[in-house]
Number of protein chains: 2
Amino acid sequence: MRNSTSTEVVAATTKAATAAIVTAATTEVERAGWLRALADVLDANAAELIEIADRESHLGVPRLTGEVARTSGQLRLFADVILEGSYLEVIIDHAEPDAAPPRPDLRRMLRAIGPVAVFAASNFPFAFSVLGGDTASALATGSPVIVKAHPGHEDLSARTAELAIGALRQAGAPDGTLGIVYGMDAGSQLVTDPRIAAASFTGSLRGGRALYDLAAARPAPIPFYGELGSLNPVVITAAAVETRGAELAAGLVGSFTLGVGQFCTKPGVVFVPAGVGAEGAGFEQLVVDALPAPASAPMLDERIASAFAAGMQVIETHASVRVLSAPGSVASGSGSAGPLVGSPRDRLPLVGSPLVGSTTVADLLANADTLLEERFGPFTLLVSYRDASEVIEAIAAIGGSLTGTVHAEATDDIAAITDALARTCGRVLFAGWPTGVSVAWSQNHGGPWPSTTASIHTSVGATAVRRFLRPFAFQSAPANLLPAALRDGNPLGIPRRVDGVLGRA
Amino acid sequence: MRNSTSTEVVAATTKAATAAIVTAATTEVERAGWLRALADVLDANAAELIEIADRESHLGVPRLTGEVARTSGQLRLFADVILEGSYLEVIIDHAEPDAAPPRPDLRRMLRAIGPVAVFAASNFPFAFSVLGGDTASALATGSPVIVKAHPGHEDLSARTAELAIGALRQAGAPDGTLGIVYGMDAGSQLVTDPRIAAASFTGSLRGGRALYDLAAARPAPIPFYGELGSLNPVVITAAAVETRGAELAAGLVGSFTLGVGQFCTKPGVVFVPAGVGAEGAGFEQLVVDALPAPASAPMLDERIASAFAAGMQVIETHASVRVLSAPGSVASGSGSAGPLVGSPRDRLPLVGSPLVGSTTVADLLANADTLLEERFGPFTLLVSYRDASEVIEAIAAIGGSLTGTVHAEATDDIAAITDALARTCGRVLFAGWPTGVSVAWSQNHGGPWPSTTASIHTSVGATAVRRFLRPFAFQSAPANLLPAALRDGNPLGIPRRVDGVLGRA
């Protein structure tokens, strides 16, 4: 475990604050160059980085290889996004001296918020870490970044930061554009440092809430964009079970066990129709049939494995839950998650095979405290329902989620269920499974509390940049003081609203 | 003083939460109808409302008449804004099954956040009150509003709400779309009520901070958009003093005394060049010459008058401040702000004539605790500077402001000062004065702490709606479940980004 000293944190934020003055004034072309240089250095060093990442996270080379591609692709997308120019949200209203009251010349755009603290996630050592989406979107705006490395992959973080800082220097970014600190104390210090203008976080509800509270309690509070816990409810209709039950069961098992269930979009609660299917066994039996043979799979770290084991202990002994597949290995009891010895590979924290629970809507609501707690790992809870109104009541009880999913047939009327999910979820799917978050212009990875601390923003997709920008207006400014984005004639050729009309004038 | 009971507050939020389900699904055409009906009812009852407002706020009929026009115009602007459709930020990416990894059909838009608590301001009984900008922008999105009336104009608030609720019912809005509560306890209860999804506030740093803290400490925190204190620094160059000193002095006096100095954009600190002008007396003497004869003017309420009197006591006795114009009337001492008796007009809280202080940058920085405190009322502090670097240092010390102003000549190099103001202010002006905030597409009324609690948003102008919207995405949705804004063929004819391209496809 690395730990930055208090002095090192102050040095990092001071450098970032100095850099911020320069980075805020850089052009989109310059910053696109930085982002592409970061993508290139990541791709060029993928083999070395993936080896470190696999040793630290146990996520496996194939998954990590895909994640590096996602991460460098994401950096390149943000380069495209800022060059396109809409992200500046330019609005120009020319003076109307004859209006009552007279209207001055007003020109609005967004500008960089300043140094951002990025708290890296455990489960995405690339895509939500040193060069992940938060860093990419903050740098895209011209806001310097200080990453608080996740303790689960500090060697990877250090090496990635070393490569990235070199690439940024090479690409002309000022010293202090990117920094990194280590350790929980450094993280707390970072979020309370007066030079930090915003913070983003991906992780647990408890950790995120603690940092959110620190950010909100500052003498000068700052925005804190936390992505915390999510149950990601899924609703499956009777018609869907009857038409393609086995396919859905296989898809669900694939989704909740993907990456050993360590995704923020893992489907944690699945509403299934009661009394459907052969002899009424219905969807449950199809899920049991689809489960892989019991096998242990390494989780990210011992803390996570131990928390999952303890959670499964609660589920297995819960009076209102039937366990559909008994866990098959040593780590499923909370007693087995203690320190292990041996070579690095032998020291992998283990976890039992995937676990599926089964309950009813009534029991779920009566035991919301335990059954609606997120279980980070390969567990999902099937909840049998009798009618749509039961599902809608349960969806409201679940509250904010990153995603909601409906599997239905064309003959089903799912408007009311869709509305209920839209009220509490950031993204609603009607095919496929919520794990897998496309990096796209249109993506929304966010949602009402507790899925995020700031439901009006996304942490994935082109619009993630908005978190690190603040609006600013010039009134009656001399032409020579206007930034290019606000000048008459539109020298950057970007989309703008001029005198009420959207276009490229 | 009115006080809503706890039961009344719960009744209001419960009605708003029920209404929210309906209002979130209304069309832009329906909501534009509500906003225009509100504008019409305000205009139609202006005479009655202005009479109540003048009795309660002492702002005078001419000013209040203008404010009503501004407020109804603002309601109509938000109707135009939502009909135009850009505010939905629609982004559609069609499926790309052959991409690696395959990309699903994803369609993003913004949707109403839910019931909003609006805390009305003392100094704008119309424009920042029951039917002010916060209410207009929240209703525009389809978010119901509960106004916490300002104690300074409760009769006006009650009558406005009565008229507005009637107009909304007439226009087809569901019961609960607008509500009102009274009293400080009701306000605290409102911001912590689990049915409230966001809050906005215009008022003092202390009051806003207390409510912000309550919002942030909730089990499920909500966004709190507070517009708090602002010093609104002004920088005047030597060349400007020499060229048009008398005109600038008259403009400054007009601005800092407008509305008895009770504007959030009042210029509170004015940097003036040292040793300029006839016999070195410079700009100070021009300001003294421009001051009106000592006269008392009624302030909004006794609490405000009393705080201003106490503040002036501090200024007048401050070792580092020279007072340029002695106050001429009874209320300038803190002892004179006690309860008065008599008829309503006689009970007006009085305040002394405008006060101007003078100090230097060095003294300002050495006494930042007292001299950089916002003084709500007709006071401004002239700060003489020797060079630009002194000004830039002082601007950084002032911190977040709604506005910054530079008065310079074409021959001046003000790039560095402009940059310094842009870093800490939400709007920078190069002509005119900061009082007077145009309601326009391009307006930005916001800024870094302490001018607001949420610097990435504005509370005036078309983009103020963004505070009450959260993004939401549909993935692989059947066409019949898509809202009109997201359908292929663009039935609403609104601006959208489709497969990366901005247009009306």
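Apart from neighbours within four places in sequence, B:Gly261 contacts B:Phe256, B:Lys266, B:Gly377, B:Pro378 and B:Phe379, where contact denotes C-beta atoms, placed from the backbone, within 7 Å. The model is predicted, so that local features require pLDDT of at least 70 and side-chain atom pairs count only at pLDDT 80 or more, whereas totals for chains, interfaces and linings use all residues. Residues are numbered from 1 along each chain as its sequence is written, and chains are lettered from A, and ligands numbered from 1, in the order in which they are written.

B:Gly261 lies in the loop that joins helix H9 (238-257) to strand S9 (269-273) of chain B; helices (H or I, at least four residues) and strands (E, at least two) are DSSP runs numbered from the N terminus. B:Gly261 is classed as buried because it has 25 C-beta neighbours inside 10 Å, the cut-offs being 20 or more other C-beta atoms within 10 Å for buried, 12 or fewer for exposed, and partly exposed in between. B:Val181 is 80 residues from B:Gly261 in sequence, and their C-alpha atoms are 28 Å apart in space.

The largest nonpolar core comprises 317 residues, and A:Ala199 and B:Ala199 have the most contacts inside it. Such a core is a set of buried Ala, Val, Leu, Ile, Met, Phe, Trp, Tyr and Cys residues joined through C-beta atoms within 7 Å. Beyond four places in sequence, the contacts of B:Ala199 include B:Val116, B:Phe119, B:Leu211 and B:Phe224.

Chain A is divided into domain 1 (6-94 + 104-228 + 456-498) and domain 2 (234-429), with bounds taken from an automatic or database domain assignment. The C-alpha centres of domain 1 and domain 2 of chain A are 34 Å apart. Nine residues of domain 1 of chain A contact 10 residues of domain 2 of chain A. On the domain 1 side, these residues comprise one nonpolar, five polar and three charged; Ala, Val, Leu, Ile, Met, Phe, Trp, Tyr, Cys and Pro count as nonpolar, Asp, Glu, Lys and Arg as charged, and the others, Gly among them, as polar.

The contact between the chains involves 53 residues from chain A and 53 residues from chain B. On the chain A side, the largest share, seven residues, is supplied by S15(A). The residues of this side divide into 30 nonpolar, 16 polar and seven charged. S14(A) pairs in the parallel sense with strand S15 (residues 469-475) of chain B over three bridges, pairing requiring at least two DSSP bridges between two strands. A:Arg427 stands opposite B:Ala473 in S15(B).

Methods:
Contact = placed C-beta atoms within 7 Å.
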